[in-house]
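Please look over the sequence and the model below before reading on. The text after them is meant to be read with the structure open.

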Amino acid sequence: MLKRISPYTLIMLSFFALIVLGALLLMMPFAHIAEKDLSFLEAFFTATSAVTVTGLSVINIGATFTIWGKLILLVLIQFGGLGVLTISSVLVLLIAKRIGFYTKRLVAEGLNHNKTYDIYAITKRVVLITLLFEAVGALFLFCSFIQDYSFAHALFMAVFHSVSAFCNAGISLFSNSFEGYTYNIFVNGVIALLIIFGGLGFTTIIQSYEYLRKKRRRLDINSQFSIITTIILLLAGTFLFFTLEYGNYYTLYGKSTFNRLLISFFHSVSLRTAGFDTIPLEHLSSATILFCVTFMFIGASPNSTGSGVKTTTIGILFLGIKTALFNKNYIEFSKRRISWKLFNKASALVFIAMMYVLTMIIVLTALEPNIEFTKIAFELISAFSTCGLSTGITPELCTFSKLILIFTMFIGRVGPLTIMLAFSRPRAEGNYKYPKENILIG
């Protein structure tokens, strides 16, 4: 019976089921402080934000939930970052030592991995890499947090924020994210590295390790593409944030050049997928907001814990446009030819995402006439890319607007194409082709 359900549908249902379960658990009396009234909408929004590894919130998470509620959130973030089906498959492997072809296909789709024959080894490596990075990150963060908190509190805060950073969730137990560590180079560096590696993609991390150990002659096209586009976006984001906010009194003005660069780099890392901040963002200039929403829309790399339309998708579009402008027949990269079919798929994904985002921005603007358009666009695209950075308007939104953000976070994490494929049915192609015609463009 289960095998009749498409992998795309099962992926979508698994995330939705985890969100509902998480919301119900957060509503339990032991999960939140008795003095804090927690509505089901607030619990559902928080669970969605955790499972979709977004970071947007309508409540103060640190002050609302008990230690049990925070542990529930930690588990939701971990399951959301790795994928419910990946975790389930690991449990099956531990018990049964083998998984069937259908399960392999499910995990491959969930991890955005294009092969099934090696999914057993890939799954183990993905989990090992995740736990290793989170453990090392927690250890380093603990060294800093122990100076401000008791041993147990510092340990829990270190583990929670390490998991949240590597899973690109951006959920913080601090009331003001990492604004208390604005000039702490050590904390900034650890969190930034966790976010970068979490958003780079598991396959890229594995291949890079094998390449450095000389077990691999070269990185494949996907890994090269992910690394190059990530570096370009990090450098461009740092430069743009530094330049556009240089004279902004509420953000970078009056700070030393080094601190300006530190803040700019951290937000360049965070704004594409993570959602942590070290300065208040409600006073960003309109130009900065525009560049931020562009980078958030791009998001992380495939096969990672992040979302967005993905760095490689934008890279493929750029190469395709470059090929068309130079009147070449083939898209080429690193002495390899890339199919135009892949370019068409990337174009469709970006177009669908842009149409959805534009439609929802129009709807939210109509529902929230008293809120600036730029802040609405920032919040909506932050939800779609599961970034989680906020200008502070999320708690002020009406109920219907919050539901739109919940739905947007869900779409952003599962993926627009996955949802479309879940509801689509394969159609048989006829043994014929229509006559070819040209349509004037431009």
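The model is predicted. Its chain contains 18 helices and 2 strands. Of the 442 residues in the chain, 54% are buried. The accessible surface amounts to about 22200 Å², and carbon and sulfur atoms account for 66% of that area. Among contacts between residues at least 6 apart in sequence, 68% link residues that are at least 24 apart.

Helix packing can be followed from H2, residues 40-51, which has two partners described here. With H17, residues 399-414, H2 packs at an angle of about 20°, and the two axes lie 9 Å apart. Because angles under 35 degrees count as roughly parallel, H2 and H17 are roughly parallel to each other. Their crossing is left-handed. On the H2 side the contact is made by Leu41, Phe44, Phe45, Thr48, Ser49 and Val51, and on the H17 side by Thr399, Lys402, Leu403, Leu405, Ile406, Met409 and Arg413. By class, the residues of this contact between H2 and H17 are 8 nonpolar, 3 polar and 2 charged.

The other partner is H4, residues 67-82; the axes of H2 and H4 come within 7 Å and cross at roughly 45°. That angle makes H2 oblique to H4. Here H2 contributes Thr46, Ala47, Ala50 and Val51, while H4 contributes Leu73, Leu76, Ile77 and Gly80. The contact of H2 with H4 holds 6 nonpolar and 2 polar residues, and no charged ones. Val51 is listed in the contact with H17 and also in the contact with H4.

An α-helix has 3.6 residues a turn, so residues three or four places apart point the same way.

Another helix pair is H9, residues 185-200, with H12, residues 257-273; their axes are 10 Å apart and the packing angle is about 25°. That makes H9 roughly parallel to H12. H9 passes H12 in a left-handed crossing. From H9, the residues in contact are Ile185, Asn188, Ile191, Ala192, Ile195 and Ile196, and they meet Phe258, Leu262, Phe265, Phe266, Val269 and Thr273 of H12. This contact between H9 and H12 comprises 10 nonpolar and 2 polar residues, with no charged residue.

H10 is followed by Lys214, which has a positive phi near 65°.

Positive phi values also occur in two loops. Asn168 is located in the loop between H8 (151-166) and H9, and its phi is positive, about 60°, although the residue is not a glycine. Asn327 lies in the loop between H14 (311-325) and strand E1 (331-333); its phi, near 55°, is again positive in a residue other than glycine. Asn327, at 69% relative accessibility, counts as exposed.

Notes:
Residues numbered from 1 in each chain as written. Predicted model: local features only at pLDDT ≥ 70, side-chain atom pairs only at ≥ 80, totals over all residues. Heavy atoms only, no water. Helix = DSSP H or I, 4+ residues; strand = E, 2+ residues; numbered from the N terminus. Axes fitted to C-alpha atoms, helices over the stretch in contact; angles between N-to-C directions. Parallel < 35°, antiparallel > 145°, perpendicular 65-115°, else oblique. Left-handed = near helix turned anticlockwise from the far one by under 90°. Contact = heavy atoms within 4.5 Å. Nonpolar A, V, L, I, M, F, W, Y, C, P; charged D, E, K, R; others polar. Buried < 20%, exposed > 50% of the residue type's maximum accessible area, 1.4 Å probe, protein only. Areas by Shrake-Rupley, 256 points an atom, 1.4 Å probe, with all protein chains shown as cover.
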